[in-house]
Amino acid sequence: MGTPAMEGVAVTALRSVLHRVRKAAERSGRVSDHIRVVAIGKTKPVSLIRDVYDSGHRCFGENYVQELIDKAPQLPEDIEWHFVGHLQSNKLTDPLNLFAAKSGAEPSDCVELARHVKLSCPNLVFSGLMTIGMKDYTSTPENFKTLSNCRSNVCAALGIAKEQCELSMGMSGDFEQAIEMGSTSVRIGSTIFGPREYPKKQEH
């Protein structure tokens, strides 16, 4: 259970994040209303997510399928849920496995993957790209430029307007720069909810 103090801190932190999003949008000549803030509740209790929901926020995400399955029924139905974690390979069809989709795709493969989803997956709707830089990246402009170019290339190849193709880019440590570089959706966990809380492993 989250304590009242923890919950109050989360709401205050969310307001600070939204203010920073507005400022970053202004610096890049954009409208902050067009930038989605996905509050990632990984390892956090339902009560803490509910408190942020009660403050007016409606967009939340989870990293693990099981956490999403457990939490969603306990929370209001008007929440817009986003799954931002890895998919188990046994959950994917063979064609998608060809693109290493459970852990993402390289920038050079993004057009082919997007084309496959759009043209060969009738039960899926391609709406954009969720991206992350190289493992050892330091939020450099070059990294964000590479990821932004992925969207440009996909839009050109598939004949999609940029405005109709999401670019999810940026997390707690770099979301302001990501917004300035064109992100339409940022994934914020620890900056809102505090450090993740993993259960301690029992000693044998």
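Which residues of strand β2 (residues 59-62) are buried on one side, and which on the other? C59 and G61 lie on one side and F60 and E62 on the other, and all of them are buried, so that both faces of the strand are covered. Buried here means under 20% relative accessible area, while exposed means over 50% and partly exposed lies in between (1.4 Å probe, protein chains only).

The structure is a predicted model, in which local features need pLDDT of at least 70 and side-chain atom pairs count only at pLDDT 80 or more, whereas totals for chains, interfaces and linings use all residues. Residues are numbered from 1 along each chain as its sequence is written, and side-chain values use heavy atoms, with hydrogens and water left out.

**Strands and crossovers**

Helices (H or I, at least four residues) and strands (E, at least two) are DSSP runs, numbered from the N terminus. Two strands pair if DSSP finds at least two bridges between them. Strand β2 pairs with β1 in the parallel sense over two bridges, and I40 has G61 of β2 as its bridge partner. Strand β2 is also joined to strand β3 (residues 80-83) by four bridges, again in parallel; here E62 stands opposite F83. From β2 the chain passes through helix α3 (residues 65-71) to β3 in a right-handed β-α-β crossover. A right-handed β-α-β unit is likewise made by β1, α2 and β2. Right-handed means that, with the strands pointing away from the viewer, the path from the first strand over the helix to the second runs clockwise.

Within α2, the buried residues are V46, S47, L48, I49, V52 and Y53. After this helix comes G56, whose phi is positive, near 120°. The loop between β1 and α2 holds K42. UniProt, in an unreviewed entry, places the feature "modified residue: N6-(pyridoxal phosphate)lysine" at K42; such annotations may be inferred rather than shown by experiment, and the positions follow the numbering used here, with feature names shortened.

**Nonpolar cores**

In soluble globular proteins, nonpolar side chains tend to be buried together. A nonpolar core is a set of buried Ala, Val, Leu, Ile, Met, Phe, Trp, Tyr and Cys residues joined through side-chain atoms within 4.5 Å. The largest such core has 23 residues, and F60, I179 and F193 touch the most other members. At least two residues each come from α1 (4-27), β1 (36-40), α2 (46-54), α7 (175-180), β6 (185-188) and α8 (190-193). Helix α1 gives the most, with six residues. Apart from this core lies another, of 13 residues, among them A114, V117, L158 and C165.

Contact means heavy atoms within 4.5 Å. Leaving aside residues up to four places away in sequence, F193 touches A10, A39, I40, G41, K44, L48, I49, V52 and F60. V154 and G128 are 26 residues apart in sequence and 8.9 Å apart in space, C-alpha to C-alpha.

**Buried residues and cysteines**

| Residue | Relative accessible area |
|---|---|
| K42 | 9% |
| C59 | 8% |
| C155 | 6% |
| V154 | 0% |

A search of the whole structure finds zero disulfides, a disulfide being a pair of cysteine sulfur atoms within 2.5 Å. The sulfur of C155 is 4.0 Å from its closest cysteine sulfur, in C165, and is therefore too far away for a bond.
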